[in-house]
Amino acid sequence: MNIINNTFLKPMTDSQLKFPLLIVALLLLFVLPFSNAQAYDKTSDFKVVAYHVDLRVQVMPMPTLKALATEVAALGFNTIIMEWEATYPYKKHSIISNRYAYTPAEITDFIKHSESLGLDIIPLQHNFGHAEYILMHPRYAYLRAQKSVTKAHKDYSQVDPTKLDEARELFTELYADILSTHKSKYVHIGGDETRILDCNNCKKAWGKDGEKLGTSKLYVNYMKMIAEIVTAQGKIPLLWSDMIQKHPEAIVDMPKNVIYIDWNYGWAHDKFTTPSVDLIKKHGLTFWGASSIRSKPDDFHMTSWNYHMNNQADYIPYAREAGFKGIVLTSWSTSGVYGYNWAYPMNEVVEIFPVRQAYPNAYPNDGFRMNVKAFIAALNPDNPLVPKDFAEQYAQERFGLPAQQAADLWAILSSSSLNEVVAIGSKEYSGVKALTDKERHVDESLAAVRKLQSQLYKIVPQRNQQEFAHYQMQVDFREFYLSFRQIQDSVQSTSFTEKDRVVAVQQLKQLLTRADMLNKRFRKLFAGALYDSEITKLGEHRNAKIEYLLQRLSKQR
């Protein structure tokens with residue numbers, strides 16, 4: 001086992017990271033609107049060009065959120081979809097609002113600021129799936145979908161769709177609250193990934209319809225009820241389309257004013273069974289499309305640059321040809337799958353924790369700006385997006401890099417070594433106690449990433465150093481993760497010995513020393529863009545497995 005090499009973990013100097021948040025915010029306010037030669041023509045194919053903000057985790061302070069609005073407006077977006085979740089200051093249901101919740105005045109000020117830039121602010125309020133931030137509270141236990149016969153398995157992510165009257169009462173109040181501060185004619189009612197449509201009560205409700213039609217009716221009846229709530233409040237409902245594509249049998253009963261959003265982050269158009277174009281032809285539905293700059297499998301140690309850039313290049317022309325009326329750029333902070341910290345009695349939740357968190361998308365000097373610009377560029381039907389060409393041009397113009405270094409940067413970011421899954425241990429459920437040499441490639445992956453890391457630090461940006469520093473941070477996190485994965489691979493192998501244990505303990509201690517260096521760099525890079533307490537939690541999330549393994553192997557008491 002080799003002692004970990006940290007030669008390339010060079011933090012940016014203070015001079016490179018000296019720009020205070022106030023100065024950057026002023027630059028966003030005054031410079032960006034006038035340096036926007038590639039901005040999207042708002043009179044083009046898509047009437048709505050929306051930027052999605054996910055505040056489930058990685059919540060931005062209000063000055064940062066306003067800086068984000070300033071920049072996306074300058075780039076050419078005309079809409080922001082705000083997934084406030086527990087950061088919204090609910091009135092009658094204040095228990096839902098978390099520690100990072102904005103004040104009513106902050107919400108109003110943000111919307112006023114955004115509207116002054118020509119942005120329509122559409123709120124997204126979950127009501128069916130992805131509702132764990134509501135259902136975790138005992139106050140709303142009566143709405144939880146229960147799938148298991150016993151209490152051994154609990155998942156508080158979804159409302160029971162058979163409880164229409166109870167859900168109607170709650171969500172009428174929640175929508176009235178959130179719509180009181182938003183002037184947009186639209187409201188996003190979520191509706192995606194409602195996977196517990198076979199709950200205990202659900203199966204009873206299928207009745208003579210059977211599972212296929214019964215499931216579709218359950219979904220449609222519930223979302224119809226939600227759509228009617230917001231329609232009665234003068235709004236047009238937007239709905240993620242994955243579930244209606246998967247269960248379209250009862251779609252004729254959906255209200256005609258619903259607009260469906262087909263989200264596709266790089267897969268076949270029939271991933272959700274029925275392609276959206278088929279539903280348009282058969283039922284005359286109105287669709288928007290959505291691509292992404294952060295989604296599965298992204299994590300703090302994995303950013304799939306090539307995958308997401310190709311998504312922009314491939315999907316936007318498809319959305320145009322399909323006749324979609326709007327297009328959305330999504331950015332997911334987490335997959336929306338949570339772990340639970342339970343307390344006795346066993347139906348009470350202490351807290352929920354996201355299983356996966358992507359590298360933060362927080363302004364100013366955002367590390368994903370290149371992909372956002374690629375999305376805007378892809379909206380031009382006369383100039384198809386070629387990710388490699390676009391990335392190299394962006395690097396030359398944004399960072400002042402010569403052509404060769406711009407090409408090298410894209411070769412680094414698009415390398416599969418930065419996002420491939422690295423397996424350790426044994427093969428799951430196979431009865432085989434060890435992986436094959438082909439499946440165990442931690443050493444090769446780590447060597448490849450260290451080579452990329454070395455190449456990246458030879459590229460010196462002439463301007464926008466803070467934005468460039470995010471690329472270094474992402475690659476360094478990847479190297480750090482694989483360094484730990486290498487230790488895990490040894491510890492979980494069948495040949496692990498007492499001698500190896502002593503070496504592993506020393507390696508883990510060295511890794512935690514490096515973790516402190518990375519945490520300090522990360523804190524400096526995101527100062528003002530995220531709350532200090534969030535930055536601390538992200539560091540704890542990244543390093544928890546290292547701490548636990550060290551305690552186990554060193555027999556700390």
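The legends below describe close-up views of a predicted model.

In this predicted model, local features need pLDDT of at least 70 and side-chain atom pairs count only at pLDDT 80 or more, whereas totals for chains, interfaces and linings use all residues. Residues are numbered from 1 along each chain as its sequence is written, and side-chain values use heavy atoms, with hydrogens and water left out.

**View 1. The largest nonpolar core.** Among the 148 residues of this core, Tyr51, Phe77, Ile80 and Phe171 touch the most other members; such a core is a set of buried Ala, Val, Leu, Ile, Met, Phe, Trp, Tyr and Cys residues joined through side-chain atoms within 4.5 Å. Its largest share, twelve residues, comes from helix α15 (residues 465–491), helices being DSSP runs of H or I with at least four residues and strands runs of E with at least two, numbered from the N terminus.

**View 2. Surroundings of Ile80.** Leaving aside neighbours within four places in sequence, Ile80 is in contact (heavy atoms within 4.5 Å) with residues including Tyr51, Val53, Phe110 and Ile122.

**View 3. Strand β1 (residues 48–54).** Seven of the seven residues of β1 are buried, so the strand is largely enclosed by the rest of the structure; buried means under 20% relative accessible area with a 1.4 Å probe, protein chains only. Val49, Tyr51 and Val53 point one way from β1, while Val48, Ala50, His52 and Asp54 point the other way.

**View 4. Partners of β1.** Strand β1 pairs in the parallel sense with strand β8 (residues 326–331) over four bridges, pairing requiring at least two DSSP bridges, and Val49 has Ile327 as its bridge partner in β8. Five bridges join β1 to the parallel strand β2 (residues 79–83), where Ile81 is the bridge partner of His52.

Technical notes: Buried means under 20% relative accessible area, exposed over 50%, partly exposed in between (1.4 Å probe, protein chains only).
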